[in-house]
Protein chains: 2
Amino acid sequence: MDIHAIIQEMGLRARDAAQQLARLPARRKNAILMAMADEIEQSAAAIKAANAVDVENGRQAGLSDAMLDRLVLTDERISSMARGLRSVAALKDPVGTRISRWIRPNGLEIVKQRVPIGVIGIVYESRPNVTADTSALCLKTANAVILRGGKEALASNLAIAAALKAGGMRKGMPEFAIQMIDFTEREAVRELVQMEGKVDLIIPRGGEALIRAVTEQARVPVIKHYKGVCHVYVDESADLEMALSVTENAKCQRPGVCNAIEALLVHEAVAPVFLPELAQKLEQRGVKIKGCANTLKILPKIEAATEADWPNEWLDLVLSIKTVASVEEAVDHINTYGSHHSDAIIAENEQAQKRFVQDVDSSTVYINASTRFTDGGEFGMGAEIGISTDKLHARGPMGLEELTTYKYIVAGKGQIRE
Amino acid sequence: MDIHAIIQEMGLRARDAAQQLARLPARRKNAILMAMADEIEQSAAAIKAANAVDVENGRQAGLSDAMLDRLVLTDERISSMARGLRSVAALKDPVGTRISRWIRPNGLEIVKQRVPIGVIGIVYESRPNVTADTSALCLKTANAVILRGGKEALASNLAIAAALKAGGMRKGMPEFAIQMIDFTEREAVRELVQMEGKVDLIIPRGGEALIRAVTEQARVPVIKHYKGVCHVYVDESADLEMALSVTENAKCQRPGVCNAIEALLVHEAVAPVFLPELAQKLEQRGVKIKGCANTLKILPKIEAATEADWPNEWLDLVLSIKTVASVEEAVDHINTYGSHHSDAIIAENEQAQKRFVQDVDSSTVYINASTRFTDGGEFGMGAEIGISTDKLHARGPMGLEELTTYKYIVAGKGQIRE
C-alpha cells in the first residue's frame with residue numbers, strides 16, 4: 001500500500017470538493033444535512049452491526065470498561081447523532097457574510113467576506129459520534145473534511161461515514177466532501193498533517209499524547225487544546241457562600257471534562273474560615289484534597305501536594321489546594337501551572353476582578369461564575385468543534401464562525417497604482 | 001555558548017514583559033513610540049557607524065549590489081524609520097476594544113475582548129528598517145518581540161534596537177519588551193520557533209528559503225507568505241483599454257514586489273486583438289514575454305513558456321502569457337500555479353466576475369483593478385507587518401488588528417452549571 005499516494009489523492013479530491021462546496025447556497029447545505037440525519041437513522045442496524053465488531057475486537061484487545069463505554073453505539077446514541085445533524089442544519093450559515101466593507105479615497109471598494117477555510121483534517125480517538133458531529137460542522141461551513149478516527153472504532157466510523165455520504169449525495173453533496181481514511185497505519189497521520197497546500201487546517205481531538213504527536217509532525221496549521229488545568233481563585237473579598245457553591249460545581253458537576261477545575265487557590269486571609277467548610281462539603285461528594293503546607297495547617301487530615309500536582313489534570317474527584325497572599329500570586333500560579341483554558345475569580349472587590357481578568361492569560365476568564373460554562377452550547381454558539389487553548393485564529397469554544405476564514409474582494413473601475 | 005539556555009531565558013523575559021505591556025494604556029504606549037522616534041534620530045551617527053561596519057563586511061563577503069543597497073542606511077532612511085514610529089503612534093489602538101458582547105439566558109455576560117497575542121518572534125533578512133517597523137507595531141499592540149535579523153545586518157540592527165530600547169525605557173517601556181538575538185548561529189532560530197508556551201507567533205519576513213526553513217522547524221504558529229505569484233485574467237467581456245492599463249501597471253510599476261503580476265491569462269476570444277497591442281506596450285517598458293503555444297501564434301517573436309514558468313515568481317520585467325477558453329480555465333490555472341496572494345479579473349460580465357471572486361482561492365481578488373493595491377497602506381490599515389497567504393488567523397495585509405487575539409471575559413453572580 002502506497003500510503004503517500006493514497007493520502008495525496010485524498011487531498012486532491014478534497015480540494016476539488018471544497019471548491020464545489022463553496023458554491024452551495026445555505027438551503028442546499030441544510031437539505032444535505034437533513035438527508036444525512038435520515039440516512040443515519042435508516043442505517044441504524046448496519047451501524048450497530050459494524051459497532052459490534054469494534055466492541056468485540058476491543059474486548060479481546062483488553063480495552064478498559066471506560067474505553068468500551070465510549071466506543072459502544074446504542075439506539076439512543078445513534079438518534080443523538082441524527083439530532084445533532086438536524087440541529088446544525090438549523091444554525092445560521094456564516095459563509096458569505098460580510099465582515100466589513102469600506103471605500104478607499106481612490107474609489108476602490110474593499111469587502112472583507114467570510115469564506116470556507118477549504119480542507120480540514122480531523123484526527124480523533126475512540127468516540128464514533130465525532131465522525132458525524134465534525135462532518136456536520138464542516139459541511140455546514142462548506143469545508144471538505146478528511147477524517148482519521150481511532151483504530152478501535154474503524155468499522156463504526158466507516159459505517160457512519162457511509163451513511164453520511166449516501167444521504168448527503170442524494171441531495172447533491174460532492175462525493176469527496178467527506179472522506180475517511182479506511183486503514184489504521186500511523187504513517188497516514190503524518191502524511192495528512194504535512195500535506196501543505198492540500199489541507200488547510202488540522203483539528204486533533206483526543207488525549208494529550210495524540211495532540212502532541214500531531215503538533216510535532218504538522219506542517220499544516222493546527223488548532224488544539226492539550227489539556228484543561230482550570231482554577232478557581234477565592235479572593236479575600238469573596239462572597240464565601242458563592243465561593244463554596246462555585247468551587248463545588250466546578251470540581252464535582254462533571255470532573256472528567258476539560259472545563260472542570262483541577263486546583264483551587266484561596267487568599268490566606270479567608271482560608272482559615274473557608275477551607276474547613278469547603279473540605280466538609282467536598283468530602284460529602286467524595287473529593288480527595290491535596291494541599292500546600294499552609295492548607296495542611298488548616299486541614300491537617302489531607303495529603304500534601306507536591307510540585308508535580310500543580311500542573312496536573314486530574315480528570316477525577318481530586319482537588320489541589322494552595323493558599324496565596326494576593327491576587328498577583330494567584331495570577332502567577334495560574335499562568336505558570338495552568339493550561340490557558342478557563343479560570344475564575346470569586347471576588348467582590350473590583351480592583352481584584354480587574355487585575356485577574358487582565359493578567360490571567362487564558363481563553364476564558366470568569367468573574368463570580370463556574371468554569372464549567374466554557375462550552376459552545378453554553379456560550380450560545382449552537383455547536384462546537386472543540387475548545388482552543390491556542391491564541392491564533394480561534395481561542396476558547398470554536399463554533400461555525402471559527403471554521404471559516406475571509407477573503408478580500410476589491411472592486412474598481414480600472415484603478416492602477418501610481 | 002549555551003544557545004538553548006540563552007533563547008529560553010529571552011522567552012521568559014519576553015513573557016514577563018508581555019504581561020507588563022498588556023497593562024499599559026494607549027497614551028503610554030504612544031509616548032514610548034514617540035520617544036523611540038526621537039532616540040532613533042538622535043542616534044543617527046551611531047547607527048550609521050554601525051551600518052558602515054555591516055556594509056564593509058558585506059562588500060568583502062561579496063554581497064550583490066542589490067543586497068548592499070538594501071543594507072545601507074542613509075540619513076533619509078533613518079528619518080523614515082523615525083517617521084514610521086510616529087505614524088504608528090498616531091494609529092488607533094485595537095487592544096482592549098470589545099469585539100462583541102452578549103447576555104445568556106442565565107444572566108451570564110460574555111464579552112469577547114481584543115487582547116495582545118503575547119510574545120512574537122520576527123525572523124527576517126537584510127533590511128535593517130524591519131527592526132524599527134516591526135518593533136513599533138508590536139509595541140503598539142502590547143506584544144513583546146524577539147527579533148532575529150540577518151547576519152549581514154547585525155551591527156545595524158543592534159544599534160537600532162539599542163536606540164529603540166533607550167528611548168522607550170525613558171517613557172516606561174519594560175526592559176525586555178524588545179529583545180534582539182545578538183549572535184548569528186542558526187541554532188537560535190530553531191530554538192526560537194520551537195519555544196511553545198513562551199513564544200506565541202512567529203512571523204518570518206524574507207525570501208522563500210528563509211520562510212520554508214522557519215515553517216519546517218516551527219512548533220509555534222507561523223504566519224507567512226512564501227511568494228507572490230499573482231495574475232491578471234482578461235475576460236472576453238473585458239474593457240480592453242482598461243485591461244491594457246491594469247496589466248501594464250500590475251507588471252511594470254514595481255516588478256520586484258510580491259503583489260506585481262507574474263502571469264497574464266487572456267480569453268482566446270479577445271487574445272488576437274488584445275495581445276499585439278499589449279506586446280507593443282510592454283516592449284516599450286522593456287518587458288520580456290514568454291507565451292503558451294496559442295500566444296506564440298499571435299506573437300511569433302516571443303519565447304515559448306515551459307511548464308516550469310507558470311508557478312515562477314519572476315520579480316523582474318518578465319511576463320508569462322497563456323490564453324484560456326473560459327473563466328473556469330483561468331480559475332483552475334490560478335488555483336494550480338498561483339500563490340493565493342492577489343489575482344484580478346478584468347471583465348464587464350457580472351457572471352464572470354462572480355465566478356472568479358468566488359472560486360479563486362486567494363487572499364485578495366480584484367475586479368477591474370490592479371493587484372498592486374494589496375498593501376496595508378493602500379487598504380487604509382495605516383501600517384502593515386506583512387501579507388499573509390495563509391488562511392488561519394490573518395489573510396492578506398496584516399495590520400494592527402491582526403497582531404491581536406481575543407479572550408472571553410464572563411461575568412456572573414455566582415452562576416453554576418446544572
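Me: Which residue is the bridge partner of A:Val232 in β12(A)?

Reply: Strands of a sheet pair through backbone hydrogen bonds, either parallel or antiparallel. Here the partner of A:Val232 in β12(A) is A:Ala344. This is a predicted model, in which local features need pLDDT of at least 70 and side-chain atom pairs count only at pLDDT 80 or more, while totals for chains, interfaces and linings use all residues. Residues are numbered from 1 along each chain as its sequence is written, and chains are lettered from A and ligands numbered from 1 in the order in which they are written. Helices (H or I, at least four residues) and strands (E, at least two) are DSSP runs, numbered from the N terminus.

Me: How many bridges join strand β7 of chain A to β12(A), and what sense of pairing do β12(A) and β13(A) have?

Reply: Two strands count as paired if DSSP finds at least two bridges between them. Strand β7 (residues 230-234) of chain A runs parallel to β12(A) and is joined to it by four bridges. β12(A) and β13(A) also have four bridges, in the parallel sense; there, A:Ile345 has A:Ile367 of β13(A) as its bridge partner.

Me: Why is β12(A) described as largely enclosed by the rest of the structure?

Reply: The description rests on burial: a residue is buried if 20 or more other C-beta atoms lie within 10 Å of its own, exposed if 12 or fewer, and partly exposed in between, with C-beta atoms placed from the backbone. Five of the five residues of β12(A) are buried, so the strand is largely enclosed. A:Ser342, A:Ala344 and A:Ile346 point one way and A:Asp343 and A:Ile345 the other, all of them buried.

Me: Is A:His340 buried or exposed, and where is its place?

Reply: A:His340 counts as buried because it has 25 C-beta neighbours inside 10 Å. A:His340 is placed in the loop between α13 (327-337) and β12 (342-346) of chain A. Its phi is near 60 degrees, a positive value in a residue other than glycine. A:Asn368, likewise not a glycine, has a positive phi of about 55 degrees. A:Asn368 belongs to strand β13 (residues 364-369) of chain A and is buried, with 22 other C-beta atoms within 10 Å. By contrast, B:Gln284, in helix α11 (residues 271-284) of chain B, counts as exposed because it has 10 C-beta neighbours inside 10 Å.

Me: In what order do the four strands of the open sheet in chain A lie?

Reply: The order is β5-β4-β3-β6 (chain A), with parallel pairing. Its edge strands, each pairing on one side only, are β5 (178-180) and β6 (201-205) of chain A. From one strand to the next the twist averages 20 degrees.

Me: Which strands does helix α1 of chain A touch?

Reply: Contact between two residues requires C-beta atoms, placed from the backbone, within 7 Å. Axes are lines fitted to C-alpha atoms, for helices over the stretch in contact, and angles run from 0 to 180 degrees between N-to-C directions. Helix α1 (residues 3-22) of chain A touches β3, β4 (144-148) and β5 of chain A, and its direction makes about 145 degrees with that of β4(A). Helix α9 (residues 208-217) of chain A lies across β3 and β6 of chain A, at about 160 degrees to β6(A).

Me: At what angle do helix α2 and helix α5 of chain A pack?

Reply: Two packed helices are described by the angle between their axes and the distance between the axes. Helix α2 (residues 26-42) and helix α5 (residues 75-90) of chain A pack at about 170 degrees, with axes 8 Å apart.

Me: How many residues of chain A are in contact with chain B?

Reply: 56 residues of chain A are in contact with 56 residues of chain B. β16(A) gives the most to the side of chain A that touches chain B, with 11 residues. That side divides into 23 nonpolar, 19 polar and 14 charged residues, where Ala, Val, Leu, Ile, Met, Phe, Trp, Tyr, Cys and Pro count as nonpolar, Asp, Glu, Lys and Arg as charged, and the others, Gly among them, as polar. Five bridges join β16(A) to strand β13 (residues 364-369) of chain B, and the two run parallel; A:Ala411 has B:Ile367 as its bridge partner.
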